[in-house]
Protein chains: 2
Amino acid sequence: MADSPRTIEQLLATSEPFKSLGPADRRSLASASRETRYAKGETVFREGDPAEAVCLVKEGRVHLMKFLEGGQASTTCVMTGGDTFCCLPALDRQPYPADAVAAVDSVVVRIPTSAFHDLLQRNPAFLQRSLCLFCERLRQVEHRSCRIYDSVERRLAQSLLTLSKKFGATIPLTKHELAELSNTTVETTIRVLSQLKKQGILKSSRGSTTITKPEQLRHLAGA
Amino acid sequence: MADSPRTIEQLLATSEPFKSLGPADRRSLASASRETRYAKGETVFREGDPAEAVCLVKEGRVHLMKFLEGGQASTTCVMTGGDTFCCLPALDRQPYPADAVAAVDSVVVRIPTSAFHDLLQRNPAFLQRSLCLFCERLRQVEHRSCRIYDSVERRLAQSLLTLSKKFGATIPLTKHELAELSNTTVETTIRVLSQLKKQGILKSSRGSTTITKPEQLRHLAGA
DNA sequence: GAACGTCTATGATCTAGATCAGAGAAGCGG
DNA sequence: CCGCTTCTCTGATCTAGATCATAGACGTTC
C-alpha cells in the first residue's frame, strides 16, 4: 500500500464536514493534522481513551466497535475513505465512545480535537454543518437501536443494503465482519446468506458478498 | 389532577436546557408556549409527524416509544416532570423520531420549534447547553444500542437502576411498562422479577417495584 | 356487591438462533 | 510444493426466552 499522493488539505476539501471551510481554515487545520498508518487489526483508539483527535479515513477501512460482556464484538460503524469519525468528543470533550480498529491496512488523518473544537467555536457555518451530520448520526443510532428484535435475516439484509451505499453491489467484507455488524454469529450469518444465495438474491465468495437482487433484499429488510 | 400552580416561566427556570436563559428570553419563550393536557394513553405526537413543538413535561409521565414490525412496542425513554424531549427536531428541522404517549394523565408544555430554534441561533450559551445535553443523549443511545445481546435479567436490572435515578427506590411502573422498556414480554419480566424477589433484591406490588438491594442489582446489571 | 378490566402470576410448549464439532477450500509464506 | 492460517460451510445439539393457556388478585364502575 503506497501513500496516496493527495495532501491532507485535498482530502479535507472533499470530506464532510470540512468541505464547508474556506481555504485558510482548511489549510491551518491540515497543517495541525498528521497521517498515521495502521496495519490490519491495529487499534486506532479504545473506548474510554481521552479523545485527542478527530479521525478521517484517508485509505483503507476502520471499524467502530463495542465489546460486550462475554467478549463478543459488535461493529457499529464501517468507515472508509473520506469518512470522519468521532466528532462527538470534540463537541463534549468526553472520551471516545467506542473502539476503532483498522479492518484492513489503513491510513488515518488525525485532527487534534482542540483544533477542531476551536474551529467549531469560530466558524458558525462549520458548526452548522457539523451539527447537521451529528443529528443524522443520532437518528441513525436511534433507528439502529430499535431494530433489536428484528430477525437475523432482516438485520443482515439491512447491513448489506447500508454497506452497498458505500461499496456498491459487491461488499468486500468477510462473513465474520458481516456477523459482527449484524450482531450475530458467523455460522448463522453463513446459513442465512446461503439461503439468500439459493434464492438468487446474492452471490457470495471468499471475503465478499454481491447483491444481485437489491429489490428483493430491500423487501426482506422491511423497507 | 389539578393544574399545578406554577407558571410555564417558573417551570422553565428549573428545567434543562432553559435554566441557562436570562429572564427576558425565558419570558418570551414562555409566552410563546402552551400547556396541553393528555389523558392516560393519549398520543402527544407520532413518529414522522412534523415537529411543531419541543415538549416539556410539567406533570405526569410521557413515554417515547417505537413500534417495531409485528406491532410490539418498545419504550426508549421515560420523561417526567421537568424533562424536555425532542430537541433534536429543533436542531435539524426533521420530523419527530418516535411516538410520545402519556403513560398517566399528564400536562405537557409545548414550545414552538421555531421559537426554540431562533433562540439557539441567538443565544450561544443556550446553544452550548443544548449541545451538551444532546451529546449526552447520543452517548446514552449508543450505549443502549450495544446492549442488544445482554440477557433479559441484565436489561431489566439496567432499566430499574436507570428508573431509580428518576423515581428513587420505588418505581411506579407496571410490569408491562417495564417489559416494554427492556424489550421483552410481560411474562418473562414477571418471571425474572419473581426470581429477584426471592433473592431479596426487590419487592413487587401491583403497579410498582421497589429496589431493596441496589448493590446486588447493580452487580447483575454488570456495572 | 356484582361485574368487568387490568395487572400479576405460573405452567406447558415451541423456536430462532447460539453453541459445539468437524471439515473442505482458498490464499500465503517459506 | 507443503504447511499454516483464515475463511466458508454443514450438521447436531442446546437454551433463553417467546408464545399460548389459564387463573387468581386487585381496583373501579354501575
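A: Between chain B and chain A there are 4 salt bridges, a salt bridge being a side-chain nitrogen of Lys or Arg within 4 Å of a carboxyl oxygen of Asp or Glu. Side chains of opposite charge can pair when their charged atoms come close. The model is a predicted one, in which local features need pLDDT of at least 70 and side-chain atom pairs count only at pLDDT 80 or more, while totals for chains, interfaces and linings use all residues. Residues are numbered from 1 along each chain as its sequence is written, chains are lettered from A and ligands numbered from 1 in the order in which they are written, and side-chain values use heavy atoms, with hydrogens and water left out.

One of the salt bridges joins A:Arg137 to B:Glu142, with 2.7 Å between the closest N and O atoms. Another is formed by the side chains of A:Glu142 and B:Arg137, also at 2.7 Å from N to O. This second pair crosses between chains, running from helix α5 (residues 124-145) of chain A, where A:Glu142 lies, to helix α5 of chain B, where B:Arg137 lies. Helices (H or I, at least four residues) and strands (E, at least two) are DSSP runs, numbered from the N terminus. A:Glu142 is buried because its relative accessible area is 9%, whereas B:Arg137 counts as partly exposed at 23%. Here buried means under 20% relative accessible area, exposed means over 50%, and partly exposed is in between (1.4 Å probe, protein chains only).

The count of residue pairs in polar contact between chain B and chain A is 8, with both residues at pLDDT 80 or more. A polar contact is a pair of N or O atoms within 3.5 Å; within protein, one must be able to donate a hydrogen and the other to accept it, and residues adjacent in sequence count only if both atoms are side-chain atoms. On the side of chain B that touches chain A, the elements giving two or more residues are α3 (88-92), α5 (124-145) and α6 (152-167) of chain B. Helix α5(B) provides the largest share of that side, 11 residues. The residues of this side of chain B divide into 16 nonpolar, 6 polar and 10 charged. In this division, Ala, Val, Leu, Ile, Met, Phe, Trp, Tyr, Cys and Pro count as nonpolar, Asp, Glu, Lys and Arg as charged, and the others, Gly among them, as polar.

In total, 32 residues of chain B are in contact with 32 residues of chain A, where contact means heavy atoms within 4.5 Å. The area buried between the two chains is about 3200 Å², and carbon and sulfur atoms give 61% of it. In chain B, the residues that lose the most area to chain A are B:Leu138, B:Arg139 and B:Tyr149, together 21% of what that side buries. Buried area is the accessible area (1.4 Å probe) that two parts lose on being put together, summed over both.

The side chains of B:Arg129 and B:Glu16 meet at 2.9 Å, N to O. B:Arg129 lies in helix α5 of chain B and B:Glu16 in the loop between α1 (8-13) and α2, so the pair ties together parts that are 113 residues apart in sequence. B:Arg129 counts as partly exposed at 26% relative accessibility, and B:Glu16 is partly exposed with a relative accessible area of 26%. In chain A, A:Glu16, A:Lys19 and A:Arg129 are linked in a network of salt bridges.

The loop between α4 and α5 of chain B holds B:Asn123. This residue is buried because its relative accessible area is 14%. The side chains of B:Asn123 and B:Asp25 are joined by a polar contact of 3.1 Å. A polar atom of the B:Asn123 side chain also lies 3.1 Å from the backbone nitrogen of B:Ala125.

Helix α6 of chain B contains B:Ser159. At 10% relative accessibility, B:Ser159 counts as buried. Residues up to four places away in sequence aside, B:Ser159 touches B:Leu181 and B:Ser182.
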